[in-house]
Amino acid sequence: MPEGHTLHRLARQHRERFVGGVVRVSSPQGRFAEGAALVDGQVLVRSEAYGKHLLHHYESGLAVHVHLGLYGNFHDSELPMGAPVGQVRMRMIGAGGAGVGFGTDLRGPSACEVLTPPEVEALTGRLGADPLRRDADPDRALCRIARSRRPIGALLMDQSVIAGVGNVYRAEVLFRHGVSPYREGAAVSAEQRQAIWADLVELMPVGVMTGRMHVVRPEHDHGEPSYAPDRPRTYVYRRSGAACRICGATVAHAVMEGRNLFWCPGCQPD
């Protein structure tokens with residue numbers, strides 16, 4: 001599932017390409033036809049991300065909410081666009097702020113819906129602090145962690161605690177700070193909680209800028225290649241059974257609350 005940096009990167013692209021101009025919205029697949037008709041022909045006034053949620057705000061006050069889920073993706077292209085290929089839930093076409101015509105096709109999202117302002121407020125109110133947002137309140141997230149008996153590995157993936165963190169950032173930020181994913185939130189020191197938040201604030205914007213999650217410090221960025229040819233190296237994510245890049249211990253794997261978990265027992269003792 002895409003992590004928060006992907007949605008913020010999309011929000012930025014759509015600001016550059018669509019915000020400030022009239023947008024034509026349709027649903028070639030038909031599943032979003034009623035929602036598309038509510039915003040079609042309006043000016044897109046704002047595009048933003050909150051955690052793993054993308055919001056397109058229109059001049060009427062309505063917003064299109066998109067959650068990509070496991071399989072969703074946008075495909076942007078210059079105009080003219082060809083005929084839709086595959087199951088296109090939503091097609092947007094507009095002049096954009098720069099006056100260059102772009103379009104985008106959305107396929108396979110878990111959510112694509114029109115929300116009223118109160119519904120947007122309810123959605124964002126359920127989410128925790130987003131390290132990529134300037135209005136984030138880290139104290140609210142860190143206090144929830146400090147009061148919790150749940151493992152920190154589960155808390156970091158809980159979107160009502162911290163919004164936007166997924167499996168990669170969860171595994172890597174805990175490794176970078178030597179914290180076992182099984183340690184209770186209340187047992188993570190205040191200094192460690194603050195350091196984890198600060199690290200997310202530093203790491204995640206790099207993902208927005210590059211489209212890749214760079215998590216390995218330069219002095220460790222060598223040796224065994226990444227788990228995939230088009231991905232930067234990681235410390236532990238998808239490296240189960242391999243030697244830790246720091247201590248040489250075997251990287252471990254388990255499942256925590258239905259999600260794959262990776263950590264180094266040597267660098268992240270219980």
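These legends walk through a few close-up views of a predicted model.

**View 1. Strand 3, tucked inside.** Start with strand 3, which covers residues 53-58. Six of its six residues are buried, so the strand is largely enclosed by the rest of the structure. In a regular strand the side chains alternate between the two faces of the sheet. Here, one side carries His 53, Leu 55 and His 57, the other has Leu 54, His 56 and Tyr 58, and all of these are buried.

**View 2. Strand 3 and its partner strand 2.** Strand 2 (residues 42-50) pairs with strand 3 in the antiparallel sense, with six bridges between them. Look for Tyr 50, which sits opposite His 53 of strand 3. The two strands make a hairpin with two residues between them, and Gly 51 there takes a positive phi near 60°.

**View 3. Strand 3 and its partner strand 4.** Strand 4 (residues 63-67) also runs antiparallel to strand 3, joined to it by five bridges. In this pairing, Leu 55 faces His 65 of strand 4. This hairpin has four residues between its strands, and Gly 61 in the turn shows a positive phi of about 100°.

View 4. Rolling a probe the size of a water molecule over the atoms shows where empty space is left. The structure has one cavity of 30 Å³ or more, and the largest cavity holds about 40 Å³ of space. Its lining includes Leu 142, Ile 152 and Trp 197. Helix 4 (138-146) and helix 7 (190-210) each bring at least two lining residues, with helix 7 giving the largest share, three. By type, the lining splits into eight nonpolar residues, no polar ones and one charged; Arg 193 is part of that lining too.

Technical notes. Residues numbered from 1 in each chain as written. Predicted model: local features only at pLDDT ≥ 70, side-chain atom pairs only at ≥ 80, totals over all residues. Heavy atoms only, no water. 1 Å grid on protein atoms, 1.4 Å probe; cavity = no way out; pocket = protein on both sides within 12 Å on 5 of 7 lines; lining within 4 Å. Points joined across faces, edges and corners; volume = space filled by probe spheres on them. Nonpolar A, V, L, I, M, F, W, Y, C, P; charged D, E, K, R; others polar. Buried < 20%, exposed > 50% of the residue type's maximum accessible area, 1.4 Å probe, protein only. Pairing = 2+ DSSP bridges.
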